[in-house]
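Please look over the sequence and the structure before reading on.

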Amino acid sequence: MKTLVGIGCSHTAGTAFLDGLTKSKDGSWLELTGGWASIPLAKKYKDGEPTMEWITNNLTWMAKLNNKLGCDKIVNLGVGGQGLDMNIMNMKSYIDKQEDLSGHVFIHQIPSMSRVNIINFLKSDNKWGWTPIKFLLDSKGSSIMNFFDNYFNEDFHTLNNFYEVYYLQKQIEKLGGRYYCFSLDMHGLYSSYPGELQTLDRFAKHEYMVNSDSIYFEGKLQARLPFKKIISNINWLDFRNKDDRDFQNKRLDDQGLLPDDYHFAEDGNEALANLIFSGMK
C-alpha cells in the first residue's frame, strides 16, 4: 500500500477550516464540535463534511499532492499550534507501529526548529501542562524570564532538533520509506530551508559542548556527525524556483472565508502541493 504521511503544524493539519475540535472516542481522529469555522466556509463546502478526515482528504496540501502521487492512503500527523518536538514524537510513535515503510512517503512541514514545548505548572488549571514555549515567553513573568535567561538556549534546541530530524530520516530510509522536509520560511540555501539556519557558525560551540561533555570512551563510535554535514544530508525539498505570486490572494482572509486568518485556502494548498511535487523530482 502506498501511503502519504504529512507532518507539521496547523498549515498541515488543516484545522483552520474548522471551529472547535475534540478527540474521538477511540482517539484516532479529531472530530468537529462546532462546524465550519465561518459561514462563508460552510456555504463554500456545503457538499463536504466538516470533519478532520474530510478536510485531510480534500482540502489540505496533502490531498492536493496526492492527486499527483496516487497514494492509497493519507496519514495526517499535523498538530495545530505545536512545535517540532511534537512532530518528532508523533513520527516516532507512528514509525514504531510499522515493520516496513516501503511505499511510504513522509513530507514534513517544519514549523520552526526552535519551536518547542516546555513542561510547566498551570496555576489557573492547577495542573501540569506541556505548553509551547512562545506562550510562556508572552507572559513575561519574572520567574519565566529567569528561566529564559539562565536555562533555555534557542540555538541549542535548534541544533538538537536538526539531529533528531536527521536520525528520523535515516530510520525511515532503513525501513524502505522516503522522507522530505520544507519550511514555510522560504529562506536560505534552498527556499524551503528554515531562515533560522542562515548563519551556521553560531552552532559550533554547542556542537563541541555536546560531544565533549557527553562522551567518555569510544569517542569515534559516539560522536555526532558535524552539524553542517547533517544539514546537507537532510532531504530538503527544492523550492528554489518558488515565486511569491504563487500564494497571492490564496489565504482564507484574502478570499473572505475567515477574517484575520492567514492559513492557505484550498487553492493556496494546491499551489503549495505543486511546489512540493516539483521539489521531489
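At what angle do helix α8 and helix α9 pack, and how far apart are their axes?

## Helix α8 and its partners

Helix α8, residues 154–174, packs against helix α9, residues 204–214, at an angle of about 70 degrees, and their axes lie 9 Å apart. That makes α8 roughly perpendicular to α9, where angles of 65 to 115 degrees count as roughly perpendicular, those under 35 as roughly parallel, those over 145 as roughly antiparallel and the rest as oblique. The axes are lines fitted to C-alpha atoms, for helices over the stretch in contact, and the angles run from 0 to 180 degrees between N-to-C directions. In passing α9, α8 makes a right-handed crossing (the near helix is turned clockwise from the far one by less than a right angle, whereas a left-handed crossing has it turned anticlockwise).

Helix α5, residues 84–96, also packs with α8, here at about 20 degrees and with the axes 11 Å apart. These two helices, α5 and α8, are therefore roughly parallel to each other, and their crossing is left-handed.

## How the model is described

The model is predicted, so that local features need pLDDT of at least 70 and side-chain atom pairs count only at pLDDT 80 or more, while totals for chains, interfaces and linings use all residues. Residues are numbered from 1 along each chain as its sequence is written, and side-chain values use heavy atoms, with hydrogens and water left out. Helices (H or I, at least four residues) and strands (E, at least two) are DSSP runs, numbered from the N terminus.

## Helix α4

Helix α4, residues 61–69, is mostly covered, with 7 of its 9 residues buried (under 20% relative accessible area, with exposed meaning over 50% and partly exposed in between, for a 1.4 Å probe and protein chains only). The buried residues of α4 are W61, M62, A63, K64, L65, N66 and L69, and the helix is followed by G70, whose phi is positive, near 70 degrees.

Helix α4 packs with helix α12, residues 266–280, at an angle of about 45 degrees, with the axes 8 Å apart. The two helices α4 and α12 are therefore oblique to each other, and α4 passes α12 in a right-handed crossing.

## W130 in strand β7

W130 is found in strand β7, and this residue is partly exposed, with a relative accessible area of 37%.
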